[in-house]
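Have a look at it first, then read on.

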Amino acid sequence: MDRVKTLRADGRRNRERIVAAAAELVARDGAQASLEEIARRSGVGSATLHRHFPSRRALLEAVFRAGVAQLCARAAVQPGEDPGAELAAWLEELTVYTATHRGLAAALLAGPDGLSPEELCCTDMLLDVMEVLVARASSVGALHAVATTKDLMLLANAIAVATEDDPATASRLLRLALTGIRSENRNGPPSRPGRARAPTKK
């Protein structure tokens with residue numbers, strides 16, 4: 001019995017190492033990251049990798065689930081003093097994650113049946129977490145009254161699509177969108193670029 005437990009524990013550790021290594025390499029190289037390099041980095045043989053994950057898609061699904069679970073876990077902590085800032089920070093994490101792993105999502109969607117039930121469950125998890133964060137921010141007046149959970153999810157996704165593999169730009173654009181593009185200077189509208197003002201008649 002002890003030997004069986006040891007083997008099961010070893011199997012879990014191997015699986016966790018494989019998923020962790022795959023997440024790093026997928027973030028760096030995209031969904032077509034080398035399976036051989038993933039096995040090598042995780043310290044297992046190719047046979048062990050394929051025993052846990054019979055296909056590339058199965059491994060990508062595990063990476064996707066692990067990333068979503070981490071995002072949701074970070075949002076599940078007790079609310080702090082600034083729900084608006086917490087919502088903004090989590091949206092930024094989501095946007096950067098999606099931008100960095102855009103090839104991963106595309107590869108999963110390109111499968112024969114689209115997203116699997118487990119992947120759809122991950123999407124529901126994200127929406128559930130965002131609903132809670134939006135409710136917290138709304139309760140203290142930190143969110144525009146017409147902004148919805150769907151709006152924010154679409155915003156994060158649109159920025160991620162436009163900034164694939166460029167997390168710094170994804171982060172900057174998300175912050176810009178949340179703070180607004182209007183200048184704090186209220187002295188009047190800025191002059192249009194490229195248009196000179198007419199000379200004043202004396």
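This is a predicted model: local features need pLDDT of at least 70, side-chain atom pairs count only at pLDDT 80 or more; totals for chains, interfaces and linings use all residues.

Residues are numbered from 1 along each chain as its sequence is written, and side-chain values use heavy atoms, with hydrogens and water left out.

**Confidence**
- Helix α2 (residues 35-42) has the highest confidence, at a mean of 96, while helix α6 (residues 102-109) has the lowest, at 62; helices here are DSSP runs (H or I, at least four residues), numbered from the N terminus.
- Over residues 188-196, pLDDT stays under 50, and the model has 1 contact (heavy atoms within 4.5 Å) beyond four places in sequence for them.

**α4 against α5**
- Helix α4 (residues 56-75) and α5 cross at roughly 170°, and their axes (lines fitted to C-alpha atoms over the stretch in contact, with angles from 0 to 180 degrees between N-to-C directions) come within 10 Å.
- That makes α4 roughly antiparallel to α5 (angles over 145 degrees count as such; under 35 is roughly parallel, 65 to 115 roughly perpendicular and the rest oblique).
- On the α4 side the contact includes V63, F64 and G67, and on the α5 side it is made by W90, E93, L94 and Y97.

**α5 against α8**
- Helix α5 (residues 83-100) packs on helix α8 (residues 149-162) at about 40°, with the axes 8 Å apart.
- That angle makes α5 oblique to α8.
- Among the contact residues are L87, L91 and L94 of α5, plus L152 and M153 of α8.

**Record annotation**
- An unreviewed UniProt entry places a "DNA-binding region" at residues 34-53; such annotations may be inferred rather than shown by experiment.
- That span is 75% helix and 0% strand (strands being DSSP E runs of at least two), and its end C-alpha atoms lie 14 Å apart.

Key. pLDDT is the predictor's confidence in each residue, from 0 to 100.
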